[in-house]
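Hi everyone, thanks for coming. Please have the sequence and the 3D view open while I talk, and stop me whenever you like.

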Amino acid sequence: MADLSGITAVRPTAFTTVIPVQYGATIAAGQPIVKSGTTYVLADANASAALAAAEGIAITPGVASGFGLMASAGSIILVGTTMVVGDTYVVSDTAGGIMPTADRSTGDYVTKLGTASTATQLDLSIVATGILTP
């Protein structure tokens, strides 16, 4: 498998925790993001433990210095993509990507994003482990 693709929008559910953030880069809806300094940038599993430690998933797109919304807990609908129910998804080694945990490779820092409860719904349970995949 590969990174989730085709995400066209993110819809929060009734139980989603939504936080306003300032972007430090161009961000698309559905990308995992992490705070770097005072702004949020794309999470990346093989850049460093700090950049792999996603804090949420962007709900709204934006550009550097712009503002957007981030989902940090609860559930989100990833419109336009298909997940495998029951699979756990993590920060990808492609900046801003989401991949199944089985696709981790050597040199990836593990940050769990959540588990697919339907083909389009990701139940967030974000855990930045700091563990480096051997």
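Predicted model: local features only at pLDDT ≥ 70, side-chain atom pairs only at ≥ 80, totals over all residues.

The partner is V41. These two belong to a pair of strands, β3 (residues 32-36) and β4 (residues 39-42), which run antiparallel and are joined by four bridges. Together β3 and β4 make a hairpin with two residues between them. Look at G37 in the turn: this glycine has a positive phi of about 75°.

Now let's zoom out to the whole chain. How many helices and strands does the chain have? There is one helix, and there are 10 strands. If you walk from the N terminus, the order is β-β-β-β-α-β-β-β-β-β-β. The radius of gyration is 13 Å, close to the 14 Å that the globule rule gives for 134 residues, so the chain is as compact as a globular protein of that length. If you draw a box around the C-alpha atoms along the principal axes, its sides are roughly 35 × 30 × 25 Å.

Take the contacts in the chain with a separation of 6 or more: 62% of them are accounted for by residues 24 or more positions apart.

Let's visit a second hairpin, the one made by β7 and β8. β7 (residues 88-91) and β8 (residues 98-100) pair in the antiparallel sense over three bridges. Y89 has P100 in β8 as its bridge partner. There are six residues between the strands of this hairpin, and G96 takes a positive phi near 85°. β7 has another partner too: β7 pairs with β9 (residues 109-116), again in the antiparallel sense and over three bridges.

To finish, let's look at two isoleucines. I126 lies in β10, which covers residues 121-132. Is I126 buried, partly exposed or exposed? I126 is partly exposed, because its relative accessible area is 23%, and buried would mean under 20%. Leaving out residues up to four places away in sequence, I126 touches A54, E55, G56, S72, T111, K112 and L113. I57 is 69 residues from I126 along the chain, and their C-alpha atoms are separated by 9.7 Å.

The other isoleucine is I7, in the segment before β1 (9-12). I7 is partly exposed, with a relative accessible area of 23%. Which residues does I7 touch, not counting those up to four places away in sequence? They are A29, G30, L78, V79, G80 and T81. Now compare a pair of positions: I7 and L51 are 44 residues apart in sequence, and their C-alpha atoms are 22 Å apart in space.

That's my tour. Who has a question?

Note on methods
Residues numbered from 1 in each chain as written. Heavy atoms only, no water. Rg over C-alpha atoms; globule rule 2.2 N^0.38 Å. Contact = heavy atoms within 4.5 Å. Pairing = 2+ DSSP bridges. Buried < 20%, exposed > 50% of the residue type's maximum accessible area, 1.4 Å probe, protein only.
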